[in-house]
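Please keep the sequence and the structure in view while reading.

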Amino acid sequence: MGGRAGREVLGGVPVQFAGVLQQRELGRHAEGTLAGAQPGRQVEGAGRRVVVVEPVAGAGGRAVPPGVITGPPDRRTASDALGSGAQVWVADFEDATSPTWDNVIDGQIALLDVREPHATLVVRPRGWHLDEEHLAYDGRPVPAALVDFGLHFFHCAWRRIEEGQGPYFCLPKLENRYEARLWNDVFVLAQELLGIPRGTVRATVLIETVTAAFEMEEILYELREHSPGLGAGRWDCLFSLIKTFGHRTDFLLPDRAKVTMTAPFLRAYTELLVRTCHKRGAHAIGCMSADVTGGDGTLEDLADRQLVVEAVVENPDAKTEVFAALDKIVEDPAAVLATNTSSLPVMRLGMATSRADRVVGLHFFNPVPVLPLVEVMTSLHTSAGTTAAVEEFAARTLGRTVIRSRDRAGFVVNALLIPYLLSAVRMAESGFATAADIDTGMELGCAHPMGPLRLADLIGLDTVASIAESLYDEFKEPLYAPPPLLLRMVEAGLLGRKSGRGFHTYGRVD
């Protein structure tokens, strides 16, 4: 692959770096096979407390902060995830990425483009079971795990450190302690080669294979210099069970959507994970929650929740469909269903359920880790108890400043902000001033931290247009009408930062 990928990602030195990791470490671990795994043996260091490293910097002092988004390492997902309000983005080369060569290299480029992220960046490399056939060193294919880890570590480790974070990873599909030992030695060597202090790397481990579930203490011990904790992985655990015991009829499972974490064998394994981590001074990390995707069956994972916050695309039909589905799935009739809508009436979403008194608006502002405000919007049906519970959650649990609004399009902030943004769009559309001059004028002349068109790009021009249309539909006032230029840019896919181009250009544009 030529061009920027060849120069910045696959230059001779980065490839040699990954190759050296392969050459010096894989040979030393040839004995690390599943044949050597013996579930149930005494752990090294038994009888004393194994002290593991502290949680990562930039993650709120906890091993897993609230709000973790996992997705492929592409530029659009990066923009969406880092601007979503989540405190952690797991850039997943493993399950979320089809391992084509273009995807692998484009993923590395996307991570190179991440500068001073609002969220903590965690990279999930592919597992040891895969080789990267497109890259060889000394006549042997380089393991996919070392390609993903090595290229990112070489290019970005020092950058992440300088940003106040660090090289953080999530290790998938470990089968036994030998693979954990191999990862630890790779970390030690990589830090040595780049002059990074030993122990800077942080890596959580997903316990998502049957064999690894019997070696959790050993895995923690092997990675004690670099791992703050273990996590549970539901889907891959089921796959591992099927792969390992598929020949036995007494291990048949129903449809996987029905095998929740309350199933006895999954509950037993997660409870063992918690006991093991707490015994060894590590952090036990819950399994990944399914994203709200609008009706593909994964919403069933939310059945036992007391509060569900919907944050799907700002589309009335999509949101109504999700609320109707949640009403049937969430079991407790007293559970609260909240919407993160920017402009849609809360009443409309509440009437799609049988619990309109338990439906409320809970509107966060991007980037959520930076902006402390949350709007709480109540409909005519929202009960006082629901309002009080949500306000307490936002203020005490999340530490947010709460303002209240009645149920009207735009609520408080967007009803004032959107006309300001639209007036800037109209000025640029008319040719009266350039986008750069409009933004500079408001930043330097009015002490605004960001000009209106750059702010519109950050929000997303499609989101700005959608909010404007909702405001215009309700109030029919000209100041809320989206300008033709804005609508044409949305049609053209020029959505701002998330697409790489809006009123300004950001990073690489395909």
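## The end of helix H16

Helices (H or I, at least four residues) and strands (E, at least two) are DSSP runs, numbered from the N terminus. The model is predicted: local features need pLDDT of at least 70, side-chain atom pairs count only at pLDDT 80 or more, and totals for chains, interfaces and linings use all residues. Residues are numbered from 1 along each chain as its sequence is written, and side-chain values use heavy atoms, with hydrogens and water left out.

Helix H16 spans residues 452–459, and Pro452, Leu453, Ala456 and Asp457 are buried in it. Buried means under 20% relative accessible area, exposed means over 50%, and partly exposed lies in between (1.4 Å probe, protein chains only). The four buried residues of H16 lie on the same side of the helix, because they cover an arc of only 145 degrees around the axis. This arc is that of the directions from the helix axis to the C-beta atoms. An α-helix has 3.6 residues a turn, so residues three or four places apart point the same way. The buried residues of H16 pack against helix H14 (413–430), helix H15 (435–445) and helix H17 (461–475).

## A parallel strand pair and its crossover

Strand E13 (residues 373–378) pairs with strand E14 (residues 401–406) in the parallel sense, over six bridges. Two strands pair if DSSP finds at least two bridges between them. Within this pairing, Val376 stands opposite Arg404 in E14. From E13 the chain passes through helix H13 (residues 384–397) to E14, and this β-α-β crossover is right-handed. A crossover is right-handed if, with the strands pointing away from the viewer, the path from the first strand over the helix to the second runs clockwise.

Helix H13 contains Glu391. Glu391 counts as buried, at 16% relative accessibility. Apart from its neighbours within four places in sequence, Glu391 is in contact (heavy atoms within 4.5 Å) with Val376, Val402 and Arg404.

## Salt bridges

How many salt bridges does the structure hold? There are 20 salt bridges in the structure. A salt bridge is a side-chain nitrogen of Lys or Arg within 4 Å of a carboxyl oxygen of Asp or Glu. One of them joins the side chains of Lys173 and Glu94 (2.6 Å, N to O). Lys173 lies in the loop between strand E6 (168–171) and helix H6 (177–194), and Glu94 in the loop between strand E2 (88–92) and helix H4 (101–113), so the pair ties together parts that are 79 residues apart in sequence. Lys173 is buried, with a relative accessible area of 16%, and Glu94 is buried at 10%. Both residues belong to a network of salt bridges that also links Asp92, Asp95, Arg124 and Glu208.

Glu132 forms a salt bridge with Arg126, with the closest N and O atoms 3.0 Å apart. Glu132 is buried at 2% relative accessibility, and Arg126 is buried at 3%. The side chains of Asp250 and Arg248 also meet in a salt bridge (2.9 Å, N to O). Here Asp250 counts as exposed, at 54% relative accessibility, whereas Arg248 is partly exposed, at 35%.
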